[in-house]
Amino acid sequence: MANPHFGKIADVWKHAALAEVLEREPPGWYAETHAGSGAYAIVRDQEREFGILRFLAVAPRFAALARSRYRAVAASYVHGERGLCPGSALLAMTVLGDASSYLLCDLDRESITDLRRWSRELGLHSCEVAETEGMAAVAARLDGEARGPGLVHIDPFDPDARGPAGYSALELAARVADSGTGLVYWYGYDEPGEQAWAHKRLVALTRTPLWYGDMLVTGAGKVPGNLGIATTPGTGFGVILANLQAGTARACAALGNALSDAYADAILPDGSPGNFVFTSSTNGEGGAGSG
Ligand SMILES: C[S@@+](CC[C@H](N)C(=O)[O-])C[C@H]1O[C@@H](n2cnc3c(N)ncnc32)[C@H](O)[C@@H]1O
(Lines give C-alpha, C1' and ligand atoms only; values in the text may rest on other atoms or scores of the structure.)
Protein backbone atom coordinates (compact mmCIF):
# COMPACT_ATOMS: atom_id res chain seq x y z
CA MET A 1 0.00 0.00 0.00
CA ALA A 2 1.57 3.23 -1.20
CA ASN A 3 -0.26 5.66 1.07
CA PRO A 4 0.64 5.29 4.76
CA HIS A 5 -1.07 8.61 5.61
CA PHE A 6 -4.70 7.65 5.03
CA GLY A 7 -7.15 8.73 7.72
CA LYS A 8 -4.77 11.13 9.45
CA ILE A 9 -5.93 14.64 10.31
CA ALA A 10 -4.28 16.07 7.17
CA ASP A 11 -6.48 13.73 5.10
CA VAL A 12 -9.56 14.83 7.03
CA TRP A 13 -9.10 18.46 6.05
CA LYS A 14 -8.19 17.63 2.42
CA HIS A 15 -11.18 15.33 2.01
CA ALA A 16 -13.66 17.60 3.81
CA ALA A 17 -12.79 20.46 1.43
CA LEU A 18 -12.75 18.18 -1.64
CA ALA A 19 -16.18 16.71 -0.87
CA GLU A 20 -17.60 20.21 -0.30
CA VAL A 21 -16.33 21.31 -3.71
CA LEU A 22 -17.72 18.20 -5.44
CA GLU A 23 -21.08 18.54 -3.73
CA ARG A 24 -21.50 22.22 -4.57
CA GLU A 25 -20.02 22.21 -8.08
CA PRO A 26 -20.21 18.69 -9.51
CA PRO A 27 -17.82 18.58 -12.48
CA GLY A 28 -18.54 16.79 -15.75
CA TRP A 29 -15.15 15.14 -15.45
CA TYR A 30 -12.83 14.56 -12.49
CA ALA A 31 -9.09 13.86 -12.77
CA GLU A 32 -6.64 12.96 -10.03
CA THR A 33 -2.85 12.85 -10.49
CA HIS A 34 -1.98 10.90 -7.31
CA ALA A 35 -5.15 8.93 -6.61
CA GLY A 36 -3.98 6.33 -4.07
CA SER A 37 -6.21 3.33 -3.30
CA GLY A 38 -9.98 3.53 -3.29
CA ALA A 39 -10.17 2.67 0.40
CA TYR A 40 -8.00 1.41 3.25
CA ALA A 41 -8.87 -0.95 6.09
CA ILE A 42 -9.31 1.34 9.07
CA VAL A 43 -6.48 1.19 11.61
CA ARG A 44 -7.15 2.18 15.21
CA ASP A 45 -3.78 3.73 16.00
CA GLN A 46 -3.14 7.15 17.57
CA GLU A 47 -3.04 9.03 14.27
CA ARG A 48 -6.39 7.68 13.04
CA GLU A 49 -7.96 7.94 16.49
CA PHE A 50 -7.03 11.63 16.33
CA GLY A 51 -7.83 11.96 12.63
CA ILE A 52 -10.85 10.42 10.95
CA LEU A 53 -12.18 8.56 14.03
CA ARG A 54 -12.19 11.61 16.30
CA PHE A 55 -13.61 13.69 13.44
CA LEU A 56 -16.57 11.34 13.10
CA ALA A 57 -17.12 11.35 16.87
CA VAL A 58 -17.13 15.15 17.31
CA ALA A 59 -18.62 16.27 13.96
CA PRO A 60 -22.27 15.95 15.09
CA ARG A 61 -21.66 18.76 17.63
CA PHE A 62 -20.47 21.29 15.00
CA ALA A 63 -23.10 22.34 12.46
CA ALA A 64 -20.82 22.84 9.45
CA LEU A 65 -19.14 19.47 10.01
CA ALA A 66 -22.38 17.68 10.87
CA ARG A 67 -24.06 18.61 7.60
CA SER A 68 -20.94 18.14 5.43
CA ARG A 69 -21.00 15.56 2.67
CA TYR A 70 -17.58 14.37 3.83
CA ARG A 71 -18.97 13.36 7.24
CA ALA A 72 -21.81 11.42 5.63
CA VAL A 73 -19.59 9.58 3.14
CA ALA A 74 -16.75 8.89 5.60
CA ALA A 75 -19.22 7.61 8.23
CA SER A 76 -20.86 5.29 5.72
CA TYR A 77 -17.52 3.61 4.92
CA VAL A 78 -15.88 3.69 8.37
CA HIS A 79 -18.99 2.49 10.21
CA GLY A 80 -19.99 0.13 7.41
CA GLU A 81 -19.53 -3.64 7.63
CA ARG A 82 -16.10 -3.52 6.01
CA GLY A 83 -14.68 -0.74 8.24
CA LEU A 84 -12.96 1.21 5.48
CA CYS A 85 -11.36 4.63 5.31
CA PRO A 86 -12.20 6.15 1.90
CA GLY A 87 -9.44 7.79 -0.15
CA SER A 88 -10.01 10.91 -2.24
CA ALA A 89 -10.86 9.04 -5.46
CA LEU A 90 -13.50 6.88 -3.79
CA LEU A 91 -14.89 9.98 -2.13
CA ALA A 92 -15.23 11.57 -5.58
CA MET A 93 -16.73 8.43 -7.13
CA THR A 94 -19.26 8.21 -4.28
CA VAL A 95 -20.27 11.89 -4.36
CA LEU A 96 -20.41 12.21 -8.17
CA GLY A 97 -21.49 8.70 -9.15
CA ASP A 98 -22.05 7.88 -12.79
CA ALA A 99 -22.94 11.47 -13.72
CA SER A 100 -19.21 12.32 -14.16
CA SER A 101 -16.31 10.73 -15.99
CA TYR A 102 -13.00 10.02 -14.28
CA LEU A 103 -9.27 9.85 -14.93
CA LEU A 104 -7.58 8.35 -11.86
CA CYS A 105 -3.79 7.96 -12.00
CA ASP A 106 -1.32 6.19 -9.77
CA LEU A 107 2.00 4.37 -10.19
CA ASP A 108 1.24 1.72 -7.59
CA ARG A 109 -0.27 -1.53 -8.89
CA GLU A 110 -2.16 -2.32 -5.67
CA SER A 111 -3.80 1.13 -5.69
CA ILE A 112 -4.76 0.73 -9.36
CA THR A 113 -6.31 -2.69 -8.75
CA ASP A 114 -8.33 -1.35 -5.83
CA LEU A 115 -9.54 1.70 -7.81
CA ARG A 116 -10.67 -0.55 -10.68
CA ARG A 117 -12.52 -2.78 -8.25
CA TRP A 118 -14.37 0.22 -6.79
CA SER A 119 -15.21 1.57 -10.24
CA ARG A 120 -16.86 -1.79 -11.03
CA GLU A 121 -18.58 -2.02 -7.64
CA LEU A 122 -20.09 1.46 -8.09
CA GLY A 123 -21.14 0.68 -11.65
CA LEU A 124 -19.28 3.59 -13.24
CA HIS A 125 -19.35 3.59 -17.04
CA SER A 126 -16.71 6.23 -17.72
CA CYS A 127 -13.89 5.69 -15.25
CA GLU A 128 -10.36 5.41 -16.62
CA VAL A 129 -7.94 4.12 -13.99
CA ALA A 130 -4.43 4.61 -15.38
CA GLU A 131 -1.26 3.02 -14.04
CA THR A 132 0.83 5.94 -15.15
CA GLU A 133 2.58 9.10 -14.05
CA GLY A 134 -0.30 11.37 -13.10
CA MET A 135 0.97 14.83 -13.97
CA ALA A 136 1.77 13.87 -17.57
CA ALA A 137 -1.58 12.09 -17.99
CA VAL A 138 -3.59 15.02 -16.63
CA ALA A 139 -1.59 17.54 -18.70
CA ALA A 140 -2.35 15.47 -21.80
CA ARG A 141 -6.04 15.42 -20.88
CA LEU A 142 -6.02 19.22 -20.57
CA ASP A 143 -4.28 19.50 -23.97
CA GLY A 144 -6.61 17.07 -25.67
CA GLU A 145 -10.03 15.73 -25.05
CA ALA A 146 -11.09 17.43 -21.84
CA ARG A 147 -14.58 18.78 -22.55
CA GLY A 148 -16.85 20.92 -20.44
CA PRO A 149 -16.31 21.93 -16.82
CA GLY A 150 -13.94 19.63 -14.99
CA LEU A 151 -12.04 19.40 -11.74
CA VAL A 152 -8.41 18.35 -11.23
CA HIS A 153 -7.23 17.16 -7.82
CA ILE A 154 -3.45 17.28 -7.33
CA ASP A 155 -2.19 15.66 -4.13
CA PRO A 156 1.57 15.35 -4.67
CA PHE A 157 4.27 13.69 -2.60
CA ASP A 158 6.86 16.15 -3.90
CA PRO A 159 5.57 19.51 -5.21
CA ASP A 160 8.76 20.21 -7.17
CA ALA A 161 9.57 16.81 -8.73
CA ARG A 162 9.12 17.04 -12.50
CA GLY A 163 7.23 14.31 -14.29
CA PRO A 164 7.87 13.20 -17.89
CA ALA A 165 5.68 16.01 -19.30
CA GLY A 166 8.09 18.49 -17.74
CA TYR A 167 5.66 19.83 -15.14
CA SER A 168 6.14 19.81 -11.41
CA ALA A 169 2.95 19.46 -9.36
CA LEU A 170 2.93 23.20 -8.66
CA GLU A 171 3.46 24.01 -12.34
CA LEU A 172 0.68 21.66 -13.36
CA ALA A 173 -1.58 23.33 -10.78
CA ALA A 174 -0.85 26.70 -12.42
CA ARG A 175 -1.59 25.18 -15.81
CA VAL A 176 -4.94 23.86 -14.53
CA ALA A 177 -5.77 27.25 -13.01
CA ASP A 178 -4.88 29.04 -16.28
CA SER A 179 -7.09 26.66 -18.27
CA GLY A 180 -10.22 27.67 -16.33
CA THR A 181 -10.60 24.12 -14.97
CA GLY A 182 -11.50 23.69 -11.31
CA LEU A 183 -8.51 22.92 -9.08
CA VAL A 184 -8.08 21.32 -5.66
CA TYR A 185 -4.39 21.24 -4.67
CA TRP A 186 -3.11 19.79 -1.38
CA TYR A 187 0.17 20.81 0.34
CA GLY A 188 1.88 20.08 3.62
CA TYR A 189 4.73 21.50 5.68
CA ASP A 190 6.67 20.90 8.88
CA GLU A 191 7.89 24.37 9.89
CA PRO A 192 5.39 26.76 11.56
CA GLY A 193 6.77 29.65 9.47
CA GLU A 194 5.65 27.93 6.26
CA GLN A 195 1.92 28.63 6.64
CA ALA A 196 0.27 28.86 3.19
CA TRP A 197 3.63 28.44 1.43
CA ALA A 198 2.15 26.72 -1.63
CA HIS A 199 -0.34 29.56 -2.13
CA LYS A 200 2.53 32.06 -2.18
CA ARG A 201 4.40 29.93 -4.74
CA LEU A 202 1.36 29.33 -6.93
CA VAL A 203 0.28 32.98 -6.95
CA ALA A 204 3.57 33.73 -8.71
CA LEU A 205 2.80 31.15 -11.43
CA THR A 206 -0.76 32.13 -12.45
CA ARG A 207 -2.95 35.23 -12.62
CA THR A 208 -6.05 33.20 -11.73
CA PRO A 209 -7.33 34.06 -8.21
CA LEU A 210 -6.55 31.29 -5.72
CA TRP A 211 -8.20 30.52 -2.38
CA TYR A 212 -6.31 28.71 0.35
CA GLY A 213 -7.40 27.13 3.61
CA ASP A 214 -4.43 26.37 5.88
CA MET A 215 -4.41 24.34 9.10
CA LEU A 216 -1.43 24.59 11.47
CA VAL A 217 -1.04 22.28 14.48
CA THR A 218 0.13 24.39 17.40
CA GLY A 219 1.50 23.39 20.78
CA ALA A 220 3.87 24.74 23.37
CA GLY A 221 6.61 26.75 21.61
CA LYS A 222 7.27 27.17 17.90
CA VAL A 223 9.00 23.93 17.12
CA PRO A 224 9.41 22.15 13.78
CA GLY A 225 6.81 19.45 13.24
CA ASN A 226 6.80 16.14 11.39
CA LEU A 227 4.40 15.91 8.48
CA GLY A 228 4.79 12.13 8.42
CA ILE A 229 3.15 11.99 11.84
CA ALA A 230 0.82 14.92 11.02
CA THR A 231 -0.20 15.71 14.61
CA THR A 232 3.11 17.08 15.88
CA PRO A 233 3.00 20.81 16.71
CA GLY A 234 4.58 22.83 13.92
CA THR A 235 3.05 20.62 11.22
CA GLY A 236 0.59 22.14 8.79
CA PHE A 237 -1.36 21.33 5.68
CA GLY A 238 -3.68 23.14 3.36
CA VAL A 239 -5.85 23.14 0.31
CA ILE A 240 -5.81 25.58 -2.61
CA LEU A 241 -8.83 26.10 -4.85
CA ALA A 242 -9.07 27.79 -8.25
CA ASN A 243 -11.90 28.47 -10.72
CA LEU A 244 -14.60 27.75 -8.16
CA GLN A 245 -17.36 29.99 -6.88
CA ALA A 246 -16.81 32.34 -3.94
CA GLY A 247 -19.66 30.58 -2.11
CA THR A 248 -17.77 27.27 -2.36
CA ALA A 249 -14.64 28.84 -0.86
CA ARG A 250 -16.78 30.37 1.91
CA ALA A 251 -18.30 26.96 2.66
CA CYS A 252 -14.80 25.45 2.83
CA ALA A 253 -13.71 28.26 5.16
CA ALA A 254 -16.70 27.48 7.40
CA LEU A 255 -15.63 23.82 7.45
CA GLY A 256 -12.03 24.77 8.29
CA ASN A 257 -13.14 27.02 11.14
CA ALA A 258 -15.47 24.33 12.46
CA LEU A 259 -12.69 21.73 12.30
CA SER A 260 -10.41 24.04 14.24
CA ASP A 261 -13.19 24.59 16.85
CA ALA A 262 -13.83 20.85 17.04
CA TYR A 263 -10.19 20.21 17.95
CA ALA A 264 -9.79 23.18 20.35
CA ASP A 265 -7.62 22.19 23.32
CA ALA A 266 -7.22 18.67 21.96
CA ILE A 267 -4.67 16.39 23.55
CA LEU A 268 -2.31 15.46 20.74
CA PRO A 269 -1.30 11.81 20.32
CA ASP A 270 2.06 12.57 21.98
CA GLY A 271 0.14 13.63 25.15
CA SER A 272 0.76 17.37 24.79
CA PRO A 273 -2.05 19.96 24.49
CA GLY A 274 -2.61 21.33 21.00
CA ASN A 275 -4.84 23.43 18.78
CA PHE A 276 -5.42 24.03 15.10
CA VAL A 277 -4.98 27.52 13.74
CA PHE A 278 -7.05 27.86 10.58
CA THR A 279 -6.42 30.70 8.13
CA SER A 280 -7.92 31.26 4.70
CA SER A 281 -7.73 33.93 2.06
CA THR A 282 -8.17 34.65 -1.65
CA ASN A 283 -5.65 36.68 -3.61
CA GLY A 284 -6.50 38.80 -6.64
CA GLU A 285 -10.00 39.72 -5.49
CA GLY A 286 -9.37 42.87 -3.49
CA GLY A 287 -8.11 40.92 -0.50
CA ALA A 288 -11.54 39.38 0.17
CA GLY A 289 -12.08 36.16 2.00
CA SER A 290 -9.73 36.30 4.94
CA GLY A 291 -10.97 34.24 7.84
C1 LIG B 1 -0.77 10.40 -0.52
S2 LIG B 1 -1.17 9.16 -1.68
C3 LIG B 1 -2.64 9.73 -2.43
C4 LIG B 1 -3.75 9.90 -1.51
C5 LIG B 1 -5.07 10.25 -2.14
N6 LIG B 1 -4.96 11.34 -3.09
C7 LIG B 1 -6.05 10.60 -1.05
O8 LIG B 1 -6.20 11.78 -0.72
O9 LIG B 1 -6.69 9.67 -0.52
C10 LIG B 1 -0.03 9.42 -2.93
C11 LIG B 1 -0.12 8.41 -4.08
O12 LIG B 1 0.63 8.94 -5.15
C13 LIG B 1 1.19 7.87 -5.88
N14 LIG B 1 2.24 8.49 -6.69
C15 LIG B 1 3.46 8.95 -6.31
N16 LIG B 1 4.07 9.58 -7.35
C17 LIG B 1 3.19 9.52 -8.39
C18 LIG B 1 3.21 10.02 -9.72
N19 LIG B 1 4.27 10.70 -10.17
N20 LIG B 1 2.14 9.81 -10.52
C21 LIG B 1 1.06 9.12 -10.05
N22 LIG B 1 0.98 8.63 -8.79
C23 LIG B 1 2.02 8.85 -7.97
C24 LIG B 1 1.60 6.88 -4.82
O25 LIG B 1 1.68 5.59 -5.37
C26 LIG B 1 0.46 7.04 -3.80
O27 LIG B 1 -0.53 6.06 -4.00
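**Reading the fold, step by step**

User: I'm new to this one. How many helices and strands does the protein chain have?

Analyst: The protein chain has 10 helices and 11 strands. Keep in mind that you're looking at a predicted model.

User: What does the radius of gyration say about the protein chain?

Analyst: The idea is to set the value beside what a compact globule of 291 residues would have, near 19 Å. Here the protein chain has 18 Å, so the two agree. Along its principal axes, the C-alpha trace spans about 50 × 50 × 35 Å.

User: And how much of the protein chain is buried?

Analyst: A residue counts as buried under 20% relative accessible area. In this case that covers 58% of the 291 residues. As for the accessible surface, it comes to about 11700 Å², and 50% of that belongs to carbon and sulfur atoms.

User: How do I read contacts along the chain?

Analyst: Look at how many positions separate the two residues. Among contacts with a separation of 6 or more, 75% are between residues 24 or more positions apart.

User: Now the strands. Which sense do E8 and E11 pair in, parallel or antiparallel?

Analyst: Antiparallel: strand E8 (residues 210-218) and strand E11 (residues 273-282) pair over 8 bridges. To see it, find Thr218, which stands opposite Asn275 in E11.

User: What joins E10 to E11?

Analyst: There are 2 bridges between strand E10 (residues 266-267) and E11, again running antiparallel. Ala266 stands opposite Gly274 in E11. E10 and E11 form a hairpin with 5 residues between them. In the turn, check Gly271: its phi is positive, about 95 degrees.

Terms used:
Residues are numbered from 1 along each chain as its sequence is written. This is a predicted model: local features need pLDDT of at least 70, side-chain atom pairs count only at pLDDT 80 or more; totals for chains, interfaces and linings use all residues. Side-chain values use heavy atoms; hydrogens and water are left out. Two strands pair if DSSP finds at least two bridges between them. Helices (H or I, at least four residues) and strands (E, at least two) are DSSP runs, numbered from the N terminus. The radius of gyration is taken over C-alpha atoms; the globule rule is 2.2 Å times the number of residues to the power 0.38. Buried means under 20% relative accessible area, exposed over 50%, partly exposed in between (1.4 Å probe, protein chains only). Contact means heavy atoms within 4.5 Å. Accessible areas come from the Shrake-Rupley method with a 1.4 Å probe; for residues, only the protein chains shown count as cover.
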